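I have put my reading into a few numbered points, to be taken alongside the coordinates.

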Amino acid sequence: MADTNQPTVIVTGASSGVGLYATKALAKKGCHVVMACRNLPKAEAAAKEVGLQPDQYTVMRLDLASLQSVRDFVDAFRASGKTLKSLVCNAAVYLPLEKDPQYSEDGYEISVATNHLGHFLLCHLMLDDLKKSSVDDKRLIILGTVTANRKELGGKIPIPAPPDLGNLEGFEQGFKAPISMIDGKKFKSGKAYKDSKLCNMLTTRELHRRYHDATGITFNSLYPGCVADTPLFRNHFKAFRTIFPWFQKNITGGYVSQELAGERVAMVVVDPEFKQSGYHWSWGNRQQQGRQAFVQELSAEGSDDLKAKRLWELSERLVGVASMVST
């Protein structure tokens, strides 16, 4: 049984891919990890498969597509008495082949509901837990992606369209069916994913602006590299799942293994050189032996403080909360 006084890191989507290997790497660094996942048996099996010991992790249920599930998870975590060190928002859903939008139980398009709104509520509720934690070095880390950053080549690819939140018209109008895109335009599943990840990076920026100086919490996002064989692509064409990893390994040199990506996440969560707040960390698109992390510049939209502020306000409205931690 885990010591409730041992610093605990929550990792969403920890039953596979980058989240699982981040859990493994964090455990090696001495953290107890709460694996926040939808499928508890899958998470337990995955933990055993990568060699985690029972006292290194706890599996707790979290379905980010359900706002009630997020609230239930927070209640369960608080009841456990664990000491929170860091929250890692890693989980994501990507449905590139969908022609029509799917909606969450709360009535929101599923990619945005899971990747942004669920994580937004989780961050919002757990800010108070981080603030009250006795741990000195507290961090809230959100995973971004290169395809949501138009400052980089990956963010300029027009298939189906680059990320663009417009003026948040979809959120302004309540984001319920038939609205399915944040900019209020026609549904494009791949763009919905990119937009949701852009929201993740803007949320990190706004968290830093609102709360870093007052709380000392470190808020950062990161892109650990192109994990071309991640289960994130499970809903893509089979041919894509075969060709894309080969292409990244042999043509672009951008391929990063799930294990290395997980280790990079753990570094940003724990290592002292990443204690600076308000940054987007990256290892670049072409991998080199021993390459060090650097601060990646974000696009004009990803650096837009006014848009980040309005996104925060509208997201609060959609998830049904008001500011609970003083700025």
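1. T8 of β1 has H32 as its bridge partner in β2, and the two strands run parallel, joined by five bridges. Strands pair here if DSSP finds at least two bridges between them. Helices (H or I, at least four residues) and strands (E, at least two) are DSSP runs numbered from the N terminus.

2. A word on provenance: this is a predicted model, in which local features need pLDDT of at least 70 and side-chain atom pairs count only at pLDDT 80 or more, while totals for chains, interfaces and linings use all residues. Residues are numbered from 1 along each chain as its sequence is written, and side-chain values use heavy atoms, with hydrogens and water left out.

3. How enclosed is β1 by the rest of the structure? Largely, because five of its six residues are buried. Buried stands for under 20% relative accessible area, exposed for over 50%, and partly exposed for what lies in between (1.4 Å probe, protein chains only).

4. The sheet is open, with eight strands in the order β3-β2-β1-β4-β5-β6-β7-β8 and mixed pairing. Its edge strands, β3 (57-61) and β8, each pair on one side only. β8 is antiparallel to β7 (residues 279-282), with two bridges, and W281 stands opposite V295 of β8.

5. Two helices to view against the sheet are α3 and α6. Helix α3 (residues 67-80) touches β1, β2, β3 and β4, and its direction makes about 145 degrees with that of β3. Helix α6 (residues 189-215) lies across β5, β6 and β7, at about 155 degrees to β6. Contact means heavy atoms within 4.5 Å; axes are lines fitted to C-alpha atoms, for helices over the stretch in contact, with angles from 0 to 180 degrees between N-to-C directions.

6. Helices α4 (residues 110-132) and α9 (residues 305-319) pack at about 90 degrees, their axes 10 Å apart. They are therefore roughly perpendicular, the label for 65 to 115 degrees (under 35 is roughly parallel, over 145 roughly antiparallel, the rest oblique). On the α4 side, the contact includes F120 and H124; on the α9 side, W312 and E316 are among the residues. By class, the contact has seven nonpolar, three polar and one charged residues. Ala, Val, Leu, Ile, Met, Phe, Trp, Tyr, Cys and Pro count as nonpolar, Asp, Glu, Lys and Arg as charged, and the others, Gly among them, as polar.

7. Which residues have the most contacts inside the largest nonpolar core? They are I10, F73, M126, L140, F171 and F175, in a core of 52 residues. Such a core is a set of buried Ala, Val, Leu, Ile, Met, Phe, Trp, Tyr and Cys residues joined through side-chain atoms within 4.5 Å. Helix α4 gives the most to this core, with 11 residues. F175 touches, among others, V112, L117 and L318.

8. Two loop residues are worth a look. E301, in the loop between β8 (294-295) and α9, counts as buried at 11% relative accessibility; its contacts include R150, D164 and K307. N149, in the loop between β5 and α5 (169-172), is buried with a relative accessible area of 1%. N149 and P162 are 13 residues apart in sequence and 8.8 Å apart in space, C-alpha to C-alpha.

Key: Lists of a residue's contacts leave out its neighbours within four places in sequence.
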